[in-house]
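Here are some comments on the model you sent over. They are set out as numbered points, to be read with the structure open.

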Amino acid sequence: MALPPGTFSLPLIGDTLNFLQDSQFAKKRHQQYGPIFKTSIFGQPTVFVSGSEANLFVLSHENQYFVMSWPPSMKALLGPLSLALQTGSEHQNRRKLLYQAFQPRALAGYIGGMEDITGRYLERWTQMSEFAWYPELRNYTFDVASKLLVGIDAGSETALGHYFETWCEGLFSIALDVPWTKFGKAKKCRNLLLLELEKIIRDRQQDMGEGNDALSLLISARDDDGNNLSLEELKDQVLLLLFAGHETLTSAIASFCLLLAQNPDVMAKVRAEQQQFSATEPLDLEQLKQMTYLEQVMREVLRLVPPVGGGFRRVIQACEFGGYEIPQGWSVLYEINQTHQDSSVYPEPDRFDPDRFSLERSTNAKPFSYVPFGGGLRECLGKEFARLEMKLFVARMVRECEWDLLPDQDLNLIRVPTPHPRDGLRVKFRQKIAGS
């Protein structure tokens, strides 16, 4: 059977630089080769596939044809004991254990902390008036993640926060381990992060794991055999949770803020829905569930600008898809962003249209045509944490504040490591006028 069309490009590095630098890399090659093509990135022959059928095929054959895989830079920086790198029964066992930090009861306990931090930032931004919002949102999401996941206040201002930023910058880079590269700096910061996390974990273990954060739950959690997580595994797992609760969420919230500012009709509808709820009562899970239009908007934001563009898998058994052979040992990248641009599922896919997720229009959606959180056995573990934080943040924002995009800025998105506006999303920010 024929291999997919495409070329491997340059020796050794293949198309890695084009992949990292050109946001239209996959789109251009799909136009040239069709729905499936081959190339070489991160030193590995890789097949790109997009669309609901491709997602269904890849995500439903976990551990049969495919296992999770990451570029070398991600593997080295996430660490060998991270859930992201675990496979098979080990992954399922650990996933069940880590889920304890994200079940509904745990989420309900996080709302108060999220509200407090959100309120503080809204006051800060009102006083600042004009600023680049994206760096501020990075601090906001890290403060939420560090408070609710490891119990640290103002995490963005600590050593943990500073090391974390440099570590993030190396995640999607060429894994050249010399001190002056992004990867080299990130690897050094990984070691410093682990030292910080070890101190935090040891202190918490001495307090018998008492606290309302995810770390306390993980310290006391036991697997099916009654075993707890070792110190080394706790460090890798907490680092992954901080990344998942920060990097992708910052991108999603920034896209939310940008798209609402660009679509005043949608903003007006979101505001109108919020008037149904008491402004004096604290938000809870039940109230957030009733915000059906806000839910539609959130789904459309994640469709149009998914924080994660796709997922890598390693081929453990040769298989066939779309009339082509995918050899054992190669990588496959299932594409989330290209799937969400499928005009047969989403008419006018480039248009921001939250009503496409209304009850009447979304009933005929194809399975796996909407995958912002992945799917199958490895669907994002923190999905409901992310959804909770996004909805709570936007609900508070539209109730209490107004913002306009400042002129003369580049709003085109840099796609790596996660989508964000090139000029940092510069805004004019103010308190909402009563009655407006």
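Predicted model: local features only at pLDDT ≥ 70, side-chain atom pairs only at ≥ 80, totals over all residues.

1. Helix α2 (residues 25–33) has F25, A26, R29 and H30 as buried residues. Viewed down the axis of α2, they fall within an arc of 120 degrees, so they line one face of the helix. An α-helix has 3.6 residues a turn, so residues three or four places apart point the same way. Q31 and Q32 are exposed on the other side of α2.

2. What do the buried residues of α2 pack against? Their partners are α1 (16–21), β1 (36–41), β2 (44–50), β8 (331–335) and α16 (336–339). After α2 comes G34, with a positive phi near 105 degrees.

3. A154 has a positive phi, near 50 degrees. A154 sits in the loop between α7 (133–150) and α8 (159–169), and it counts as partly exposed at 29% relative accessibility. The other is E348, where phi is positive at about 45 degrees; E348 belongs to the loop between α16 and α17 (383–400).

4. Y346 is also in the loop between α16 and α17. Is Y346 buried or exposed? Y346 has a relative accessible area of 5% and is therefore buried, the cut-off being under 20%. Beyond four places in sequence, Y346 touches R303, T339, H340, R356, F357, S369 and Y370. From the C-alpha of Y346 to that of A365, 19 residues apart along the chain, the separation is 9.1 Å.

5. F131 is part of strand β4, residues 130–132. With a relative accessibility of 8%, F131 counts as buried. Leaving out residues up to four places away in sequence, F131 touches W125 and E136, and also L425, R426, V427 and F429. V416 is 285 residues from F131 along the chain, and their C-alpha atoms are separated by 23 Å.

6. Q274 lies in helix α13, which runs over residues 264–274. Which class does Q274 fall into by relative accessibility? At 4%, Q274 counts as buried. Residues up to four places away in sequence aside, Q274 touches M291, L294, A395, V398 and R399.

7. S9 is placed in the segment before α1. Its relative accessibility of 42% makes S9 partly exposed, a class that lies between the 20% and 50% cut-offs. Setting aside neighbours within four places in sequence, S9 is in contact with G14 and D15. S9 and T39 are 30 residues apart in sequence, with their C-alpha atoms 7.1 Å apart in space.

8. On the chain as a whole, there are 17 helices and 12 strands. The radius of gyration is 22 Å, which agrees with the value near 22 Å that a compact globule of 436 residues would have. The C-alpha trace spans about 65 × 55 × 45 Å along its principal axes. Buried residues account for 54% of the 436 residues. Among contacts with a separation of 6 or more, 71% are between residues 24 or more positions apart.

9. As for the surface, the accessible area of the chain is about 19,400 Å², and carbon and sulfur atoms contribute 51% of that. How far apart are the mean positions of the positive and negative charges? The chain has 46 positive and 54 negative charges, and their mean positions are 3 Å apart.

Methods: Residues numbered from 1 in each chain as written. Heavy atoms only, no water. Helix = DSSP H or I, 4+ residues; strand = E, 2+ residues; numbered from the N terminus. Rg over C-alpha atoms; globule rule 2.2 N^0.38 Å. Buried < 20%, exposed > 50% of the residue type's maximum accessible area, 1.4 Å probe, protein only. Contact = heavy atoms within 4.5 Å. Areas by Shrake-Rupley, 256 points an atom, 1.4 Å probe, with all protein chains shown as cover. Lys, Arg positive; Asp, Glu negative; His and termini not counted. Charge placed at Lys NZ, Arg CZ, Asp CG, Glu CD. Arc of directions from axis to C-beta.
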